[in-house]
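Here are some friendly notes to read alongside the structure. Keep the 3D view open and find each residue as it comes up.

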Amino acid sequence: MSTLDRLSARRVFGLDDLVQQIVGGIVLSAPFVVTEEVWSLAASMNWIQWIITVVMVVIIGYGALYRADDERDARWEESIAGLPLRFISLLLVSYLSVAMLAVLFDAPTTFGATPPTTAKAISIGAIFSVVGAATADSLFGG
């Protein structure tokens with residue numbers, strides 16, 4: 001495929017793609033936001049374990065979008081600062097959907113979580129959220 005063909009075939013990331021990511025992210029992560037075991041696990045995690053969960057979300061997200069889907073190429077998608085807009089959105093949706101659910105369900109108060117524990121619990125939930133968001137984007141997206 002020539003460069004001109006690839007540019008004309010560039011995938012535009014639209015509102016429908018964002019909504020698909022949000023729905024997928026919420027559906028798969030919601031059960032984990034209200035699970036006491038997740039909050040206990042988060043409370044016992046150290047900062048290195050937390051960083052590893054963040055890295056996992058990034059790797060899973062990128063792999064699900066661009067390695068598992070042969071028809072999608074990050075080089076030919078809309079980008080911001082060299083990062084594909086679809087990937088940036090996926091990461092934001094993964095963390096923000098879990099954070100929104102945690103606040104909506106008042107999980108930090110219910111489980112007596114400190115702000116660092118809440119951040120760790122959100123990162124644990126984001127592992128599942130990124131899988132749901134990427135799957136919905138790949139199955140139903142352009």
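1. Let's begin with one residue. Thr117 has a relative accessibility of 11%, and it counts as buried because the cut-off for that word is under 20%. Please keep in mind throughout that this is a predicted model. You will find Thr117 in helix 7.

2. Which residues does Thr117 touch, leaving aside those up to four places away in sequence? They are Trp39, Ala42 and Ala43.

3. Now step back to the two helices. Helix 3 covers residues 36-44 and helix 7 covers residues 115-140. Their axes come within 8 Å and cross at roughly 120 degrees. Helix 3 and helix 7 are therefore oblique to each other, and their crossing is right-handed. On the helix 3 side, the contact is made by Val38, Trp39, Leu41, Ala42 and Ala43. Helix 7 contributes Thr117, Thr118, Lys120, Ala121 and Ile124. Sorted by class, this contact has 7 nonpolar, 2 polar and 1 charged residues.

4. Which of its residues are buried? They are Val38, Trp39 and Ala42. These residues cover an arc of only 95 degrees around the axis, so they sit on the same side of helix 3. The face turned away from that buried side carries the exposed residues Glu36, Glu37 and Ser44.

5. What do the buried residues of helix 3 pack against? Helix 7 is one of the partners, and the others are helix 2 (15-33), helix 5 (85-104) and helix 6 (107-110).

6. Two of those partners also pack against each other. The axes of helix 2 and helix 5 are 9 Å apart, at an angle of about 40 degrees. Helix 2 and helix 5 are therefore oblique to each other, and helix 2 passes helix 5 in a right-handed crossing. From helix 2, the contact uses Asp17, Leu18, Gln21, Ile22, Gly25, Ile26, Ser29, Ala30 and Val33. From helix 5 come Arg86, Ser89, Leu90, Val93, Ser97, Val98, Met100, Leu101 and Ala102. These residues divide into 11 nonpolar, 5 polar and 2 charged.

7. Is Ser29 buried or exposed? With 0% relative accessibility, Ser29 counts as buried. Leaving out residues up to four places away in sequence, Ser29 touches Ser97, Val98, Leu101, Gly125, Phe128 and Ser129.

8. Finally, look at the whole chain. How many helices and strands does the chain have? There are 7 helices and 2 strands. From the N terminus on, the elements run α-α-α-α-β-β-α-α-α. Of the 142 residues in the chain, 37% are buried. Among contacts with a separation of 6 or more, 84% are between residues 24 or more positions apart.

Conventions: Residues are numbered from 1 along each chain as its sequence is written. This is a predicted model: local features need pLDDT of at least 70, side-chain atom pairs count only at pLDDT 80 or more; totals for chains, interfaces and linings use all residues. Side-chain values use heavy atoms; hydrogens and water are left out. Axes are lines fitted to C-alpha atoms, for helices over the stretch in contact, and angles run from 0 to 180 degrees between N-to-C directions. Helices (H or I, at least four residues) and strands (E, at least two) are DSSP runs, numbered from the N terminus. Angles under 35 degrees count as roughly parallel, over 145 as roughly antiparallel, 65 to 115 as roughly perpendicular and the rest as oblique. A crossing is left-handed if the near helix is turned anticlockwise from the far one by less than a right angle, and right-handed if clockwise. Contact means heavy atoms within 4.5 Å. Ala, Val, Leu, Ile, Met, Phe, Trp, Tyr, Cys and Pro count as nonpolar, Asp, Glu, Lys and Arg as charged, and the others, Gly among them, as polar. Buried means under 20% relative accessible area, exposed over 50%, partly exposed in between (1.4 Å probe, protein chains only). The arc is that of the directions from the helix axis to the C-beta atoms.
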